[in-house]
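Take a moment with the chain before reading on. We will go from the whole fold down to a single residue.

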Amino acid sequence: SEYNRWIKAEIDARLDTLYDGIMAMKAEGLPVDAIQPQGAIYLSFRVNLPGQTNEAIRATLLEDAGMAVVPFQAFDMAEDSGWFRISIGAVGKDEIPPMLERLARVIRQEVSA
């Protein structure tokens, strides 16, 4: 029971930090969005870079932001919508803020290119 309370708090803290960071980017005007966490260990979020496929965005996020994400095509969505899932299962709370900074930097570069 104690472990379950602890792990739920850890999961919620990671998801909330990730979600809040993406929503702050959206408020800044960056082309991102996210679905509020719904009790899983992943966050669904969007990086809307017109003219780029999900595969191109995925590769950019991995190579330039150090983020491994799964495009929604893996879940039977046919179109290149810019929607991805990221798991918080292998990322510590302290790793999320720097990851969000890298994500914002990469998106800013892509938008200004």
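What follows is a short tour, starting with the overall fold.

This is a predicted model, in which local features need pLDDT of at least 70, side-chain atom pairs count only at pLDDT 80 or more, and totals for chains, interfaces and linings use all residues. Residues are numbered from 1 along each chain as its sequence is written, and side-chain values use heavy atoms, with hydrogens and water left out.

The chain has 3 helices and 4 strands. Both are DSSP runs, numbered from the N terminus: helices are H or I with at least four residues, strands are E with at least two. Along the sequence, the pattern reads α-β-β-α-β-β-α. The radius of gyration is 14 Å, close to the 13 Å of the globule rule for 113 residues, so the chain is as compact as a globular protein of that length. That radius is taken over C-alpha atoms, and the rule is 2.2 Å times the number of residues to the power 0.38. Along the principal axes, the C-alpha atoms fill a box of roughly 50 × 30 × 25 Å.

How much of the chain is buried? Of its 113 residues, 35% count as buried. Buried means under 20% relative accessible area, exposed means over 50%, and partly exposed lies in between (1.4 Å probe, protein chains only). Now consider contacts, meaning heavy atoms within 4.5 Å. Take those with a separation of 6 or more: 60% of them join residues 24 or more positions apart.

Turn to helix H2, residues 54-65. Its 12 residues should span 16 Å at 1.5 Å a residue, and the end C-alpha atoms are 15 Å apart, which agrees. The expected span is 1.5 Å times one less than the number of residues. Which residues of H2 are buried? They are Asn 54, Ile 57, Ala 59, Thr 60, Leu 61 and Ala 65. Their cover includes strands S2 (42-47), S3 (70-71) and S4 (83-87), along with helix H3 (96-112). After H2 comes Gly 66, with a positive phi near 70°.

Finally, find Thr 17 in helix H1, residues 2-27. Thr 17 is partly exposed, with a relative accessible area of 32%. What does Thr 17 contact, leaving aside neighbours within four places in sequence? Its partners are Ile 96 and Leu 100. Thr 17 and Leu 100 are 83 residues apart along the chain, yet their C-alpha atoms are separated by 9.3 Å.
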